[in-house]
Amino acid sequence: MTLQLRAIALYSHSDERREVMFDLGCLNIVTGGPQTGKSSLLRIVDYCWGRSDFVVSGGGVIRDTVAWFSILLDRDGEGIFIARPNAEPGGRSSDEIYFQRNVAVLPDSSKGFHKNVTADGLRDHLSILLGISENVYEPDRRTTQRPALEASASQAIFFCLQAQYEIADPRLLFHRQGEDGITAAIRDTLPYFVGAMGDDHYINQKRYADARARLRDREREFNDAQALSSKASVTAESLLGEAKRVGLVPPDVFADTPVQLREILATAAAPRERAYAKMDDPAADLTDLEDRRQRLREELQNIRDEIGDLKRLEREASDYVAEAHEQQVRLSAIGLVSGEGDHPDRCPLCESHLATPVPSVTDITRSLAGLGRQLNSVHRDNPRLQGRIAELEAKRTDIEGLHRAVQSDIAARIADNERLRIEQDQFTEQARIAGRIGYYLENVRTVTSNDGLKLEVARLRAEVAALEKKLDLDLLEERLTTALGFVGRDLTDIAGTLALEHGNNPLRLDRRRLTVVADTIKGPLMLPNIGSGANWVGYHVAAHLALHKLFRARHRPVPAFLMLDQPSQAYYPPDRDVGEVDVHDEDQIAVTRLYQLLLDYCTTTETPMQIIVVDHVELLQDWFRGAMRQRWRDGIKLVPVSWLSQEVDEE
Amino acid sequence: MAEARSLLPWHNRPSEEAALLNPAFCGELIARAAQEYERLAERPFPLPFAFLILPLVLHLPTRQALPGRANTTFATWSADHDVLLAELPERAMSLRAVTREALLFLVQHKALALGPDGLSRGVSPLKLSAKLPVDSEDVASTRRAAGLLGRWFANQGTVTTILQTMGVTP
């Protein structure tokens, strides 16, 4: 498979066509003066290949006159036509792409051009045409946010173009090197394009990375589960201790194995009939008792009051008795007197009449008798009072007995309630522990049933190992070294042919720095350190030719053409239109040597190679003239002058 | 100083006063003192003493303060109990009518005879050793105190000295 360039064509707004035709498998040269649109050719190819930003500047002429840019590719005889419209006035690239396969010749008219493919679609088409195998790999979106990475036509074109400003820049070996993300893309895809890795390398590498990520995740999960289950056994022991404490498990039960332990816990957590005492509302019961006690107390108080009253009555009576008794005793002193005195109202001494008669014995005796009767009646009353008191005291004793009974009932009920409360607390505690055990057992089942995780880890490990083997990064490195060894050898050859400085030293392509390195006796010398614009251009050409030699020899999916924009600029500055050169000076010899190399390269390489050079020099040799396809001088430019007048006419 | 009040006729007296201060009982107390005095001093019981007996033995604190034995020095005792003695004249005055009635009762019944030197045993003395059907501790101690007073007065100096000490004038 080779993919080369048959033609570049422009279509004007008035649907006129301007084309540049190229021959396949040989050197094609377009020469022309300054500002004739030479550099636009390379940019048109770049743009039509699907580059996202519009790069075909070319000044106002192109912007004003061109409607469509197009290229006609040749893939082993099949014509492939790609057309993109000119940028809109704002400078934005159009997303319209017209893609057509099996095209024999350039279409005469742009009338049929329409958007029939997206930029991504175009890239895929070109990749397929180049023979880049399906290597798009979509990483697992759950584990990574990396965009899909692939080796595609977009990267392949980097090896085929050398713009005017790139070919002489010592820091930029490849097309667009130095732009964001492009350097890495070139570096990463180089091993693929030089054939150091199989077509499935990328997909394997991505699979490998993904498998490793998944393995890491699963291993972490697995370790977590392991840790959980080892922690779980400690938890189980402590749960057993708690179960014993609350009486769910008899205290003499011990487990020898974790399984046994789990069984014991299972029985402990099993739902059970609780010997729960069904009791009346203990508080209500207590209230009844307390009410009763209160009633008894009141009754008792009443009895006590009554007894107190009676006793006071009795005491008063006995006080009276004592008083009366004293009187009786004193009155009875009359018994000491014998006989009745005479004339109580007469003084015995002076025989005078007494105003107050002395009380007679009779009087006193009568008083004594009266007192005696009174005392007797009091004594008769007293037994009745005391009977009443005795009765009340007996009743009090009874009630006190009842009160004591109620009191002890209350005490017993309170103790009972306390016992019930403790019991209830224990039931609650048991239920709580049983619940915890149940929860634990459920979790443990989850952990132990994580055998699936274990299997998955093993499976992933095997997958990673297999992918590792398939990838064999050592082998990859070895192959890459081999490939780059070839490139280095050819590079050295070509540099020798071009008589470049340090061309006599071994040269190599540094794939990390993406530069050419000369291994001198004093140490490695990189391109920027070599100096001289002629050397820079020479090394650019040499590196690309050496790479393409490998691409061709290995049938790598890289387009078989190389576009160089003004390789002679180091000898003849572009602002100086040297025109035809036939002077045998050193510069001329060097330029001739370069073109001779390009011409020979195309004819001597086993597989066909197309080199398109745009330059402002014109060598007079026949072979140079034979390679010239266009000569833009004397008013001939990329854009015909007639298009400009049309523009004017239209306005 | 309370007026010596005369007594109402027996039937009009308050029954307590009549019973507690009846002439038989009061007379007995005076007779006991007089009899003891006469026995020890071998002379009639001076009349002024009769008016001291009831105030001394019927007033409970005074009776309790009386010496237990008759040979206690009267001067010493009176010095120790001057507070009690200070109230004695008033009590003696209030009981004067009672004492007088008791003396009349005794003389009418010829239990005591009143001579120029004082009271002496009458023709039909009180049967002091007789056992009465009812008795009380209070009355018994009153009787003992009355007897003691008779013996005590008999052992101590002159009538005038005693009366002066008691703060009482005849």
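To begin with, how many helices and strands does chain A have? After that, please take me to the place where helix α14 of chain A and helix α15 of chain A pack.

Modeller: Happy to! Please keep in mind that this is a predicted model. Chain A has 17 helices and 15 strands. Of its 651 residues, 47% count as buried. Among the contacts in chain A with a separation of 6 or more, 72% are between residues 24 or more positions apart. The accessible surface of chain A is about 32,200 Å², and carbon and sulfur atoms account for 51% of that area.

Now to the part you asked about. Helix α14 of chain A covers residues 533-553, and helix α15 of chain A covers residues 586-604. Their axes are 12 Å apart, and the angle between them is about 5°. Angles under 35 degrees count as roughly parallel, so α14(A) and α15(A) are roughly parallel to each other. On the α14(A) side, the contact is made by A:Val541, A:Leu545, A:His548 and A:Lys549. The α15(A) side brings A:Leu594, A:Leu597, A:Leu598 and A:Tyr601. Sorted by class, the residues of this contact are six nonpolar, one polar and one charged.

Two loop residues of chain A also deserve a look for their backbone angles. A:Arg176 has a positive phi of about 65°, although it is not a glycine. The loop that holds A:Arg176 runs between α5 (164-167) and α6 (182-193) of chain A. With a relative accessible area of 14%, A:Arg176 is buried, because buried means under 20%. A:Ala499 is another residue other than glycine with a positive phi, near 55°. A:Ala499 sits in the loop between α12 (473-497) and β8 (507-510) of chain A. Its relative accessibility is 53%, so A:Ala499 counts as exposed, the cut-off for that being over 50%.

For context, here is the partner chain. Chain B has nine helices and two strands, and its elements run α-α-α-α-α-α-α-β-β-α-α from the N terminus on. Of the 170 residues of chain B, 54% count as buried. Its accessible surface comes to about 8,000 Å², with 54% belonging to carbon and sulfur atoms. In chain B, residues 24 or more positions apart make up 73% of the contacts with a separation of 6 or more.

Chain B has a helix pair to set beside yours. The axes of helix α2 (residues 23-41) of chain B and helix α8 (residues 137-155) of chain B come within 7 Å and cross at roughly 35°. The crossing of α2(B) past α8(B) is right-handed. Residues of α2(B) in this contact include B:Phe25, B:Leu29, B:Arg32 and B:Tyr37, while those of α8(B) include B:Val139, B:Ala146, B:Gly150 and B:Phe153. By class, the residues of the contact are ten nonpolar, three polar and six charged.

Let me finish with helix α3 of chain B, residues 47-58. Nine of its twelve residues are buried, so α3(B) is largely enclosed by the rest of the structure. Among the buried residues of α3(B) are B:Phe49, B:Leu52, B:Ile53, B:Pro55 and B:Val57.

How values were computed. Residues are numbered from 1 along each chain as its sequence is written. Chains are lettered from A and ligands numbered from 1 in the order in which they are written. This is a predicted model: local features need pLDDT of at least 70, side-chain atom pairs count only at pLDDT 80 or more; totals for chains, interfaces and linings use all residues. Side-chain values use heavy atoms; hydrogens and water are left out. Axes are lines fitted to C-alpha atoms, for helices over the stretch in contact, and angles run from 0 to 180 degrees between N-to-C directions. Helices (H or I, at least four residues) and strands (E, at least two) are DSSP runs, numbered from the N terminus. A crossing is left-handed if the near helix is turned anticlockwise from the far one by less than a right angle, and right-handed if clockwise. Contact means heavy atoms within 4.5 Å. Ala, Val, Leu, Ile, Met, Phe, Trp, Tyr, Cys and Pro count as nonpolar, Asp, Glu, Lys and Arg as charged, and the others, Gly among them, as polar. Buried means under 20% relative accessible area, exposed over 50%, partly exposed in between (1.4 Å probe, protein chains only). Accessible areas come from the Shrake-Rupley method with a 1.4 Å probe; for residues, only the protein chains shown count as cover. Angles under 35 degrees count as roughly parallel, over 145 as roughly antiparallel, 65 to 115 as roughly perpendicular and the rest as oblique.
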